[in-house]
Amino acid sequence: MKITEFVKGFMISVNTGIQHLFRKRMTTMYPETQNYPTLDMYAYDPRKGIAVSGWRGRHYLDMTKCTGCQLCYIACENISEAIEMVPLPETNYPQNKKKIFPAVDYGRCVFCGFCVDACPFYALYMTPVAELSEYDRNDLYYSPYELSKPPAVNPTPRAKEKIDIKRGVYDER
Amino acid sequence: MNTSTNLQGLPGVFEEEVSPEGKLRVSFGPQHPGSGHMRIILTINGDIVEDAIPDVGYVHRGVEKMCEYKTYIQNIPHIERPAIHDSAGTTLPYILATEKLLDLSEKVPERAQYIRMLLAEMNRMINHFYFLGILGIFMGHSTVTTWGMGDRELLIETAAMMTGARVTFSFIVPGGVRTDTPHGFEERLLKSCDYLESRVKTYKDYLLENPFARMRMENVGIIKKEDAIAFGLAGPTLRGSGVKSDVRKDEPYLLYDTVEFDVPSYPEGDAMARTKVHIEEIQQSIAIIRQVVGKMKPGPVKIPLRGQIRGKIGDAYARVEGARGMNSYYIISDGQVYPYRVRVNTADSRNLAIMRRVLQGVRVADVPVVHWSLDYWPVAADR
């Protein structure tokens with residue numbers, strides 16, 4: 001490498017680095033802002049045969065529609081075996097004569113969403129909740145009652161991502 | 001302890017030792033961050049590597065065998081896991097081969113094929129930014145590491161907007177894709193592409209002009225054109241040796257014959273040429289995405305398949321150009337709900353073949369750079 005080439009390349013790369021001093025910070029402050037790209041629920045329309053875009057996170061189970069047909073359990077059977085059908089004799093839903101509902105073990109779930117695609121009764125959805133960390137492994141097992149609670153709305157503001165060629169990608173707050 | 005290890009075979013029990021001539025045999029990995037989930041047994045004379053035996057198989061998980069007792073749909077989530085930064089490029093040939101078995105290849109809607117192309121090109125860019133990031137950290141150039149990972153994040157979130165997952169999309173299924181593009185997706189994708197195009201110039205200035213990065217990468221790990229063809233290399237490693245080979249051009253799948261793009265290649269064959277190919281390919285992917293978004297028309301994105309899928313009796317083969325080269329799947333079906341045999345061939349296992357040849361004669365400090373620039377990912381190679 002010639003010395004002129006060395007100096008020229010050095011100046012170009014240092015100049016590029018200096019330009020980045022005046023750009024905005026790329027990162028978002030995570031616990032203070034939530035940075036999910038979408039806040040919609042992942043749902044499946046069995047009549048049309050296609051799904052609706054959304055974040056594939058924790059499930060939401062509509063117990064008034066679940067018939068206990070076990071199709072979600074069968075779909076999960078060879079993928080991660082996270083879904084288990086649980087008998088709930090105390091429930092009294094007219095459509096669910098067998099009185100069995102799915103429970104999900106999030107220590108095993110891979111969030112592929114094929115259980116949602118398997119449900120023919122609009123009973124299973126996936127919500128944009130992915131913060132499922134627990135201190136005890138057994139707490140990751142969600143019973144049908146826990147799954148049927150609608151997800152709590154995260155009160156932290158959403159990151160307003162701004163894409164600017166001159167100033168970079170940054171969180172505009 | 002068995003210390004009389006044979007260099008030709010792979011030693012089971014390995015101990016570092018100095019030969020009477022003063023050559024040191026040392027294990028590079030498997031915990032070393034510069035080797036990944038594998039180890040390289042180096043014989044070093046001073047600072048020069050005299051022999052390097054890649055010892056692989058640490059992350060073998062039996063994907064091919066697992067495919068034999070799962071249905072065609074259940075195979076999708078675990079097939080994409082070995083290559084996490086190229087999950088669309090790994091799933092796509094499996095889906096294309098499955099569609100041949102289901103007689104669906106001609107019936108897949110046009111919009112679904114365009115969405116598959118979008119996802120494949122986005123995944124190619126995600127992989128190439130990841131490549132630049134890890135290349136930076138292997139060279140000791142930590143600025144490029146943070147930039148590469150940061151720019152990758154933009155595309156990951158754009159992909160997550162449509163697919164619902166950041167890395168393992170499980171999005172391409174037999175018959176089409178799972179969802180249509182959500183509201184505002186194309187707009188955000190084009191905006192990201194404009195931004196990333198400006199970043200490509202930054203990388204060129206900062207990495208390819210930088211004299212210190214050039215000293216680390218130029219004339220390091222040279223693969224000659226004849227060697228690259230003889231060893232059957234694939235992807236950017238092959239194109240970095242001056243061979244213009246790309247499955248998208250040679251045997252167009254999806255609708256790649258309707259878009260215009262170049263196949264970048266550099267004749268030098270060193271680590272720098274391979275890095276240049278990666279950066280040029282980001283630019284070509286941006287060009288493809290812009291054309292595809294212009295061509296997309298509203299329409300169906302999936303043929304609904306009812307019940308359990310059964311392939312017809314026979315076999316099918318499909319290959320695509322993944323981010324790291326040609327990925328191919330060969331599926332034999334005996335008419336059951338499970339495939340009879342699935343043969344996976346990834347580009348990573350092809351690129352491994354030349355590693356011993358390339359590493360002979362390089363300096364010890366250059367081993368991580370050569371290793372990473374070969375585009376070899378142990379998990380996808382071991383499967």
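## Basis of the model

This is a predicted model, in which local features need pLDDT of at least 70, side-chain atom pairs count only at pLDDT 80 or more, and totals for chains, interfaces and linings use all residues. Residues are numbered from 1 along each chain as its sequence is written, chains are lettered from A and ligands numbered from 1 in the order in which they are written, and side-chain values use heavy atoms, without hydrogens or water.

## The A–B interface

Chain A puts 44 residues in contact with 49 residues of chain B (contact means heavy atoms within 4.5 Å). About 3,600 Å² is buried between the two chains, and carbon and sulfur atoms give 59% of this. Buried area here is the accessible area (1.4 Å probe) that two parts lose on being put together, summed over both. On the chain A side, A:Asn78, A:Phe114 and A:Ile163 supply 17% of the area buried against chain B, more than any other three residues.

Two salt bridges are counted between chain A and chain B. A salt bridge needs a side-chain nitrogen of Lys or Arg within 4 Å of a carboxyl oxygen of Asp or Glu. B:Arg178 pairs with A:Asp117 in a salt bridge, with 3.1 Å between the closest N and O atoms.

## A hairpin in chain A

A:Ile163 also has a place in strand pairing: it stands opposite A:Val169 in S9(A). Strands S8 (residues 161–164) and S9 (residues 168–171) of chain A run antiparallel and are joined by four bridges. Three residues lie between them in the hairpin. Strands (E, at least two residues) and helices (H or I, at least four) are DSSP runs, numbered from the N terminus. Two strands pair if DSSP finds at least two bridges between them.

## Helix H3 of chain B

Helix H3 of chain B (residues 87–101) has 15 residues. It reaches 22 Å from first C-alpha to last, close to the 21 Å expected at 1.5 Å a residue. The expected span is 1.5 Å times one less than the number of residues. Of the 15 residues in H3(B), 14 are buried (under 20% relative accessible area; exposed is over 50%, partly exposed in between; 1.4 Å probe, protein chains only). Just after H3(B), B:Asp103 takes a positive phi of about 60 degrees.

## Salt bridges within chain B

Over all chains, the structure has 34 salt bridges. One joins B:Glu99 to B:Arg116, with the closest N and O atoms 2.8 Å apart. B:Glu99 is in H3 and B:Arg116 in helix H4 (residues 110–139) of chain B, 17 residues apart. B:Glu99 is buried at 2% relative accessible area, and B:Arg116 is buried at 1%.

B:Arg324 and B:Asp375 form another salt bridge, 3.5 Å from N to O. B:Arg324 lies in the loop between S7 and strand S8 (325–333) of chain B, and B:Asp375 in the loop between helices H14 (367–373) and H15 (378–382), so the pair ties together parts that are 51 residues apart in sequence. Both B:Arg324 and B:Asp375 are buried. Elsewhere, salt bridges that share partners join B:Glu121, B:Arg124, B:Arg239, B:Asp246, B:Arg248, B:Glu281 and B:Glu321 into one network.

## Cysteines

The structure holds zero disulfides over all chains (a disulfide is a pair of cysteine sulfur atoms within 2.5 Å). The sulfur of A:Cys72 is too far for a bond, because its closest cysteine sulfur, in A:Cys69, is 6.3 Å away. A:Cys109 is in no disulfide either, with the nearest cysteine sulfur, that of A:Cys115, 6.4 Å away. A:Cys72 is buried at 10% relative accessibility, and A:Cys109 is buried at 15%.
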